Amino acid sequence: MHDLNDIGNVDVVPNNVAYNTIISAYSRISSEKYPDAPIQAESVLRKMIELSDKGGENHIAPDTRSYNAIIRCWANAKQKRSGIRSEWWLRRMWEDGDGGTNDVNVVPDVNTYNSVILAFLNVDRPIEAENLLKELIEMDGSNDLRPNSESFALVIRGWLKYVKSGKENDVVQGCKHAFKWLSTLLEKEDKNEGFTSSPETFSQMIQTVEIATRKSRDKALLGIALETFSNLQSSRHHVDMISYKCLLEIGNRTLTGPSNRKGRKKFIHTVINSCCEDGLLSKDFMSVLSSESFRHNLETGEIRAIGEKFFSDWPLPNNWHRNVKPQHFVPSKKDCAMFLSQQQNKIDSNDS
C-alpha cells in the first residue's frame, strides 16, 4: 500500500485501520505454537509510531485498538514474559495519553486491563493480575475506567487455577483470595452496579475448594465452601448436582475425628436433606457416601443413622432426583445397596 501511494496512486492510502488489521491477524494466530507472533505484531506497531511521529501522518497513528491487539497477542502467546510485555504496553498507552504526540486516540479501556490480567494469569501470576484489578477499582470511573464482570471473573479463575497447581501451604490462601473477589463481585451485583455473576463461577469455586481439601484439611476451606454454596442458593442461579457432591466431600475431609462428631452429623444430614429437597440426589453423591474415606471418617452410629433415615427403603422417592440430568446419573438400586453394604461392613468390623 505504501509503494502504490508513493508512485502516485492517491486512492491507496495506508491508515491505522490497515495496520490494526495486520496486528489483529497476528493476535489471532498467536499461541505457544507461534511464539514469534507478538514480536512481529510489535514491529508493525512500532512502524506506525515511527511514521506518525516523524512524518506527521496522523492517519497512521496507533489508537487504543492497536495497543489492545498487541496486548492480546502477548496474552495468547502464554510466554514467560507475556504479562510483563503486556503491562509495558499498557503503561506506554498511559504515557502517550499524557502528552505524547499520538495522544488523541490512545486511551486504555477495561478491555486493555482485562487483556493484561489474562496475560498474567496465563503464566500463573495471579498476584500481578489482582493488582491490576485493584488499580481499576481505585480509578473509580476516572478516565471512564472501571472494572467489569469479566475483570472479577478473570481474577477469580486465576486464583482457582493457582489452587489446582499449588502446594498445601498455597491452596488455602488461593481459595481465600478467590472467595474475596467473588464476594466483592456479588456485593456489586446486589447493589445493581451493572455487575453480574455466572453459575460457572460458583461451581468452579466449590469444585476447586474440593480439590484443595485433598491437600489441606483446614476448616477455613469448609467455611469458604459453605458460604459460596449459600450465596449460590440465594442467587438467581440454580444449584447443580456436582456442587452438592463436592460440598459433601469437603465436609467429610475437614470434619474428622471425635471432636467434630456433633458438627459432622449436623452437616451431613443437612446436606443430604437439602440435596433431596432440591431433587439433585445423584449417582456421584451416593458414591461419596459409599466411599472408603467416608466410611472411615464416620463412627458406626453415624453411618447407621444415615442409612435408616434416608436409604432404608427402595425405591427412593422420585422427587429426590427429579432434577438429575441426564438419566444415567440417577441413583440405581445397586448404588443404594452399595451404601447399605458398606454401612453393614462398618458395623460388622466394629463388632468383631
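This is a predicted model: local features need pLDDT of at least 70, side-chain atom pairs count only at pLDDT 80 or more; totals for chains, interfaces and linings use all residues.
Let me begin with a term that we will need in a moment: a crossing of two helices is called left-handed if the near helix is turned anticlockwise from the far one by less than a right angle.

Taking the chain as a whole, we find 17 helices and zero strands, and of the 352 residues in the protein chain, 49% are buried. The accessible surface comes to about 17,600 Å², and carbon and sulfur atoms account for 49% of that surface. If we look at contacts between residues at least 6 apart in sequence, 69% of them join residues at least 24 apart.

Now to one pair of helices, α2, which covers residues 16-29, and α4, which covers residues 64-77; they pack with their axes 8 Å apart, at an angle of about 15°. Because angles under 35 degrees count as roughly parallel, α2 is described as roughly parallel to α4. The crossing of these two helices, to return to our opening term, is left-handed. On the α2 side, the residues that take part are N20, I23, S24, Y26 and S27, and they meet R65, S66, A69, I70, R72, C73 and N76 in α4.

C275, for instance, is in no disulfide, and its nearest cysteine sulfur, that of C276, lies 5.6 Å away. C275 also counts as buried, because its relative accessibility is 0%.

How values were computed
Residues are numbered from 1 along each chain as its sequence is written. Side-chain values use heavy atoms; hydrogens and water are left out. A disulfide is a pair of cysteine sulfur atoms within 2.5 Å. Buried means under 20% relative accessible area, exposed over 50%, partly exposed in between (1.4 Å probe, protein chains only). Helices (H or I, at least four residues) and strands (E, at least two) are DSSP runs, numbered from the N terminus. Contact means heavy atoms within 4.5 Å. Accessible areas come from the Shrake-Rupley method with a 1.4 Å probe; for residues, only the protein chains shown count as cover. Axes are lines fitted to C-alpha atoms, for helices over the stretch in contact, and angles run from 0 to 180 degrees between N-to-C directions. Angles under 35 degrees count as roughly parallel, over 145 as roughly antiparallel, 65 to 115 as roughly perpendicular and the rest as oblique.
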